[in-house]
Amino acid sequence: MADPGRDTGQGGSVSIRVLLVDDQALVRAGFAMVLDARADIEVVGEAGDGAEALAVLKTTQVDVVVMDIRMPIMDGVEATRRLCASPGGPKVLVLTTFDTDEDAFAALQAGASGFLLKNAPPADLLTAIRVVAGGQAVVAPSVTRRLLDRFAGQLTPPGRVDDQLAVLTKREREVLELVAEGLSNSEIALRLYVAEATVKTHFGRILAKLGLRDRVQAVVFAYETGLVRPAL
């Protein structure tokens, strides 16, 4: 029987295993208290820096890593880069102080599935973890684009663009470009005069062909290949 004092969230049993990474013990304790009060989320580990987080992940099964960016020894950006370099690992949700933080942009480039402001309401943290665990991005494409426009000078210079995009059909390339411009699936459907379900199908194929995880990574890819240029 479920504990009546716990919010059952989106399911009656624990399904999302979370690792909290922050150099402040009190911050970790606060997050843990919020997360453990939900029946569908379980904090399975904590770490005070990126290096410790990677060590924990060697022995602990985790679905989502809630990663602070600025930490001693190994920061969240480097830890995210190393974690995401291996396929099949947990999703990363990075925490930042400002939505224009240069480090937040670097974390997205490193492979994070999105970022959340550190002072966000508890409900936003819960939603973000559930969304990321489900394989989606928690950052609106328009916010991602604003970050990319701001820090475009740090992007990897476009390389063999045609080779990288050759696996896509003309329509898939159009969809990817509109995603990178910040349009939602419904907005893309209106722009291309197709059903929203068709857009979802095209986007799913784009992710599969390019080996991308979510919408955020698709936007980053579009900028890195030069398919979309930063706003002047």
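This is a predicted model: local features need pLDDT of at least 70, side-chain atom pairs count only at pLDDT 80 or more; totals for chains, interfaces and linings use all residues.
**Entry 1: the pocket**

I started with the largest pocket, and its volume came out at about 240 Å³. What lines the largest pocket? I listed R81, C84, Q109, A110, G111, G211, L212, R213, Q217, V220, F221 and E224. Next I checked which elements give two or more residues to that lining, and got α3 (76-84), α4 (102-110) and α11 (215-224). The largest share is four residues, and α11 supplies it. By class, I noted five nonpolar, four polar and three charged residues in the lining of the pocket.

**Entry 2: α2 against α3**

Helix α2 covers residues 50-57, and I wrote down an angle of about 25° with α3, the axes being 8 Å apart. Angles under 35 degrees count as roughly parallel, so α2 is roughly parallel to α3. I have the crossing of α2 past α3 down as right-handed. Which residues meet here? From α2 I found G50, L54 and L57, and across from them A79, R82 and L83 of α3. Sorting this contact by class gave me four nonpolar residues, one polar and one charged.

**Entry 3: α9 against α10**

Then I went on to helix α9 (residues 185-192) and helix α10 (residues 196-210), where the angle is about 105° and the axes are 8 Å apart. The range 65 to 115 counts as roughly perpendicular, so that is how α9 sits relative to α10. On the α9 side I noted N185, S186, I188 and A189, and on the α10 side E196, V199 and K200. The classes in this contact are three nonpolar, two polar and two charged.

**Entry 4: α8 against α11**

Last, back to α11, the helix with the largest share of the pocket lining. Helix α8 (residues 170-180) packs on α11 at about 100°, and I have their axes 9 Å apart. That angle makes α8 roughly perpendicular to α11. What does each helix bring to the contact? I got L176, V179 and A180 from α8, and R215, A218, V219, F221, A222 and Y223 from α11.

Conventions:
Residues are numbered from 1 along each chain as its sequence is written. Side-chain values use heavy atoms; hydrogens and water are left out. On a 1 Å grid over the protein atoms alone, a cavity is a set of points where a 1.4 Å probe fits but cannot get out, and a pocket is an open set with protein on both sides within 12 Å along at least five of seven lines; lining residues have an atom within 4 Å of a point. Grid points are joined across faces, edges and corners, and a volume is the space filled by probe spheres set on the points. Ala, Val, Leu, Ile, Met, Phe, Trp, Tyr, Cys and Pro count as nonpolar, Asp, Glu, Lys and Arg as charged, and the others, Gly among them, as polar. Axes are lines fitted to C-alpha atoms, for helices over the stretch in contact, and angles run from 0 to 180 degrees between N-to-C directions. Angles under 35 degrees count as roughly parallel, over 145 as roughly antiparallel, 65 to 115 as roughly perpendicular and the rest as oblique. A crossing is left-handed if the near helix is turned anticlockwise from the far one by less than a right angle, and right-handed if clockwise. Contact means heavy atoms within 4.5 Å.
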